[in-house]
Amino acid sequence: MTDEKTENIDLNEIVREKIPKQQDQQKFYLIIVDGENVGKIYPLDKKTITIGRSGEFDIQLVDSSCSREQAIIEFNDNNKPILKDLNSTNGTYVNGAKIKEINIDAGDKILLGFSSVFMFAIQDSLEAKFQKNIYESSINDSLTGAFNQKYLFDALSKAFSYSLRHQSSLGLLMLDIDFFKKINDTYGHIVGDMVLKEVVEKIENNLRNEDILCRYGGDEFAVIIRDFKYGFIKIAAERIRLIFDGRSINCKDHKVNISLSIGAATIDNENIETPEDMIKLADANLYKAKQSGGNCIVI
């Protein structure tokens with residue numbers, strides 16, 4: 001016997017809602033297929049798209065072999081994309097051939113610098129959403145939404161190279177929730193997970209746009225801090241510590257008191273030669289903070 005509710009369902013309406021008409025929804029994108037941030041997708045939703053290492057460009061490249069002003073994509077009156085090289089140092093290549101200006105088609109591979117390879121794609125909104133979800137799942141922690149450990153290593157490596165090249169400041173904070181095991185043992189892992197998510201949300205609300213929060217593992221987190229004036233790293237760490245000092249978080253009808261221990265490192269330390277050195281030093285300082293009783297900062 002057929003369920004009356006099932007009979008009233010318009011399957012065609014569900015299909016129309018879930019699967020858009022391809023001819024109505026197709027748009028232009030660049031997808032990174034090799035190099036840093038593989039899988040990242042960029043919508044080409046403007047008449048002119050600028051590409052380069054410049055922070056003012058629409059698509060900012062992190063590859064040091066790319067020029068500050070690398071290339072530009074312009075759409076002509078027929079909405080056909082034209083790729084132009086902006087006299088870049090190491091050139092722009094399409095399907096293996098160096099170009100100055102060329103019409104590009106779906107599937108074309110674009111090499112910028114020595115290692116950043118993009119694919120020009122035409123996708124509908126469903127395909128673009130799938131591509132975006134795949135990329136985000138590869139860089140985000142599934143529980144808290146913060147960036148994951150892999151992203152931390154990649155982002156810190158890029159920031160470290162940039163800092164050396166431009167003689168700019170760079171700092172790293174390693175954060176740990178004090179006595180987190182006791183929270184799990186007392187209230188259960190569901191509450192523990194809620195605490196982790198709440199901690200991430202509160203920290204993110206107190207960071208600058210250019211700061212990067214990552215989950216390092218368990219209840220340990222890291223914050224990459226770039227381009228700051230002398231003394232700011234301590235101010236930033238203290239601001240985060242004070243978010244939780246003497247306060248409680250409401251989780252599943254429980255008031256959970258938490259505090260953070262923080263270890264910090266900056267690139268100008270004489271013992272730091274690599275990004276891994278920064279992590280080791282910040283982690284060692286975090287250990288000192290916890291050994292001191294927690295709820296404190298060691299720089």
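Helix 6 and helix 7 are oblique to each other; angles under 35 degrees count as roughly parallel, over 145 as roughly antiparallel, 65 to 115 as roughly perpendicular and the rest as oblique. The axes of helix 6 (residues 180-187) and helix 7 cross at roughly 135° and come within 7 Å. Axes are lines fitted to C-alpha atoms, for helices over the stretch in contact, and angles run from 0 to 180 degrees between N-to-C directions. Helices (H or I, at least four residues) and strands (E, at least two) are DSSP runs, numbered from the N terminus.

The model is predicted, with local features needing pLDDT of at least 70 and side-chain atom pairs pLDDT 80 or more, while totals for chains, interfaces and linings use all residues. Residues are numbered from 1 along each chain as its sequence is written, and side-chain values use heavy atoms, without hydrogens and water.

On the helix 6 side, Phe180, Ile183, Asn184 and Tyr187 meet His189, Val191, Gly192, Val195 and Leu196 of helix 7. Contact here means heavy atoms within 4.5 Å. The residues of this contact divide into 6 nonpolar, 3 polar and no charged. Ala, Val, Leu, Ile, Met, Phe, Trp, Tyr, Cys and Pro count as nonpolar, Asp, Glu, Lys and Arg as charged, and the others, Gly among them, as polar.

Helix 7 (residues 189-204) also packs with helix 8 (residues 232-244). The angle is about 135°, and the axes lie 10 Å apart. That makes helix 7 oblique to helix 8. Their crossing is right-handed: a crossing is left-handed if the near helix is turned anticlockwise from the far one by less than a right angle, and right-handed if clockwise. Helix 7 contributes Val199, Lys202 and Ile203 to the contact, and helix 8 contributes Ile240, Ile243 and Phe244. This contact of helix 7 with helix 8 has 5 nonpolar residues, no polar and 1 charged.

Another packed pair is helix 5 (residues 149-166) with helix 9 (residues 275-291). Their axes are 9 Å apart, at an angle of about 115°. Helix 5 is thus roughly perpendicular to helix 9. Phe153, Leu156, Ser157 and Phe160 of helix 5 make the contact with Pro275, Met278 and Ile279 of helix 9. By class, this contact of helix 5 with helix 9 has 6 nonpolar residues, 1 polar and no charged.

An open sheet of 5 strands shows mixed pairing, in the order 4-3-5-6-9. Two strands pair if DSSP finds at least two bridges between them. Strand 4 (59-60) and strand 9 (101-103) are the edge strands, each pairing on one side only. Strand 3 (residues 48-52) runs parallel to strand 4, joined by 2 bridges. Gly52 stands opposite Gln60 of strand 4.

Strand 1 (residues 27-34) runs antiparallel to strand 11 (residues 116-123), with 7 bridges between them. Asp34 stands opposite Val117 of strand 11. Strand 1 also runs antiparallel to strand 2, with 3 bridges. There, Leu30 has Tyr42 as its bridge partner. Strand 1 and strand 2 form a hairpin with 6 residues between them. In its turn, Gly35 has a positive phi of about 105°.

The structure holds 12 salt bridges, each a side-chain nitrogen of Lys or Arg within 4 Å of a carboxyl oxygen of Asp or Glu. One of them joins Asp58 to Lys46, with the closest N and O atoms 2.7 Å apart. Asp58 lies in the loop between strand 3 and strand 4, and Lys46 in the loop between strand 2 (41-43) and strand 3, so the pair ties together parts that are 12 residues apart in sequence.
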